[in-house]
Amino acid sequence: MINNLLVEMKNIKKNFGRVQALRGVDFNVGKKEIVGLLGDNGAGKSTLIKILVGYEKADEGEIYFEGKKVSFNSPKEAREMGIETVYQDLALVNLLPIWRNFFLGREIVKGITLSIEEMKRITSEYLKEIGIWVRSPDETVFFLSGGERQAIAIARAMYFGAKLLILDEPTAALSVGETRKVLEHINNVREKGLSVIFISHNIYHVYEVADRLVILEKGIKVGDFKKEDVTPQEIMNIIAKAAGVILKEV
Amino acid sequence: MELKSIGFLKEVVKIFRIKEMGAIIGFIGIFILFSILSSEFISWENLLSTFTMAAELGLVAIGITMLMISGEFDLSVGSTFAVVPMVLALSINNGINPLLGFILGITLGAFIGYLNGIITLKTGIPSFITTLGSMMFFRGILLAITGGFPITLLEHIPFLKYFGGTCIGDLRYSGIWFILFSIIFAFILERTQFGNWTFATGGNLVASKALGINTDRVKLINFIICSLMAGFAGITTFSRFKIIDPTLGQGMELEAIASAVIGGTFLSGGYGSIIGTFLGAFMIGMIRSGLVLAGAPAYWYRAFIGVILVIAAIINIKIRKKIAG
Ligand SMILES: Nc1ncnc2c1ncn2[C@@H]1O[C@H](COP(=O)(O)OP(=O)(O)OP(=O)(O)O)[C@@H](O)[C@H]1O
Ligand SMILES: [Mg+2]
């Protein structure tokens, strides 16, 4: 059983001053599994994954990755182990060209010089593979659409051989068409054998791609379902109930 | 035929999208303006002495450009520009080996940068304030040590020639250093990992951290580079005049920042160019000597720089809105 889990987080607690962001959360991700993480604003979703990747330290709790106990001190360490995160606010630098973003922090160097042509070539290749077309890898990220930016971050994760891809609200500011594409990218990623944690407010987006759905509310896990066992309406009810809103039966 | 002209158009667009385009146009404009206003302006003699003056400012501006791109500021460069050669001058006057004096001075420069950086990064105070503090502190130290009087070099020191002496005709070594350091830092900025991280740190601090870049280290190194360059520039000026005036370098920080901004570097960080700064500093030098040759009272110089600076900043904002690739 344990062997099938890529990530296992146990009894994670985290306070920010008086805010109890996480109050003892258990959270697992299986190999090649897409887990949707749902919950209202401030539920603790982002905090949970920030702890997983070492951006924040948990006050209590244990984390296992590929069966081994881990405690990442920085996202860099998590990245080296194959955990790639696409943050809510995207880890891209708008003023820099695509290729510099693609390799940021893991540049290809020969001696002390950047291997610029090689990095541009690989960037173009991977963007093509994930199915987005940009004029040139020299294009500044600033000019790209929200969906294209997501795709760059996802392509980057694939190139660097991630085992786990974390997407924090990848469809938040996207048009319907672009959202479609990003959901396709996520399905693509699964076929490549990666696991995915997909955070979103849109239950239908999560439901469409996820194998399992986990619901957080005020720092507590209030639901954990296989997709087959639950309908979007039921999930909505759980979230609303936990938030103290009573939905009228339709 | 069609394809060929499209290819040509693309090339033209590419040229206009290079980062330094604004600085190049400004440079040519000012060059033409003063060539018309004064016939002496385009003499070799004038251009070389203009370049020398530009070089001393430019060395400071190179360091400040690196630091600004990484998202921080240094207002203390003018004081560093004075205290580093002061250490050299005092060492020599007290019979210490000049080379050792040079090393002591440069070490102090590095220390000032380290101090600025550590205080800024550990406390979270804006570097604008930290370095305003160290600007006043080190100016105060200088005044306290000199008692407000100039320090004159008591001895002829041959090796100072290689910092501020003339090398070919009116061209001074400071000009050579300026070209050399411009090439080195342009290379570091555009072609090395550290340069890439400098851009990223200033462009999006949170993202850079998330991608595992040690942004504090990047900034700290740039603080040190900035102070080292300011100190080195101070030594070139000192080597030319052989005297440390207590007001040496005052107001330099603003001219250095102006050089960077005129050269296309953003005050907000994340974007800029050493070549641009090179042209920016040269432009400020041209304005200074050009106005004198055109017979304008010296006071006009500051006013002119002020206008150019604001125009450059406006252009930068426009560029920011439609970033060139
Ligand atoms: N660095 C921090 N300092 C203080 N409080 C924080 C910090 N990060 C998160 N919090 C608080 O912790 C709680 C959980 O925040 P978190 O960002 O994890 O929520 P979320 O589920 O991702 O919400 P959203 O859907 O709005 O992104 C919130 O109350 C938030 O204000
Ligand atoms: Mg969040």
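The following legends describe close-up views of a predicted model.

Residues are numbered from 1 along each chain as its sequence is written, and chains are lettered from A in the order in which they are written. In this predicted model, local features need pLDDT of at least 70, side-chain atom pairs count only at pLDDT 80 or more, and totals for chains, interfaces and linings use all residues, while side-chain values use heavy atoms, with hydrogens and water left out.

**View 1. The interface of chain B and chain A**. Chain B contributes 30 residues and chain A 27 residues to the contact (heavy atoms within 4.5 Å). About 2300 Å² is buried between the two chains, 63% of it from carbon and sulfur atoms; this buried area is the accessible area (1.4 Å probe) that two parts lose on being put together, summed over both.

View 2. The rule finds one salt bridge across the interface (a side-chain nitrogen of Lys or Arg within 4 Å of a carboxyl oxygen of Asp or Glu). Its partners are the side chains of Arg100(A) and Glu190(B), at 3.9 Å from N to O.

**View 3. The side of chain B that touches chain A**. Helices H8 (173-191), H9 (193-203), H10 (205-210) and H14 (300-321) of chain B each supply at least two residues of this side; helices are DSSP runs (H or I, at least four residues), numbered from the N terminus. H9(B) gives the largest share, six residues. By class, this side holds 13 nonpolar, 10 polar and seven charged residues, where Ala, Val, Leu, Ile, Met, Phe, Trp, Tyr, Cys and Pro count as nonpolar, Asp, Glu, Lys and Arg as charged, and the others, Gly among them, as polar.

**View 4. Helix H4 (residues 77-93) of chain B**. The end C-alpha atoms of H4(B) are 24 Å apart, in agreement with the 24 Å that its 17 residues should span at 1.5 Å a residue (1.5 Å times one less than the number of residues). Of these 17 residues, 15 are buried (under 20% relative accessible area, 1.4 Å probe, protein chains only). Just after H4(B), Gly95(B) adopts a positive phi of about 80°.

Definitions and conventions. Buried means under 20% relative accessible area, exposed over 50%, partly exposed in between (1.4 Å probe, protein chains only).
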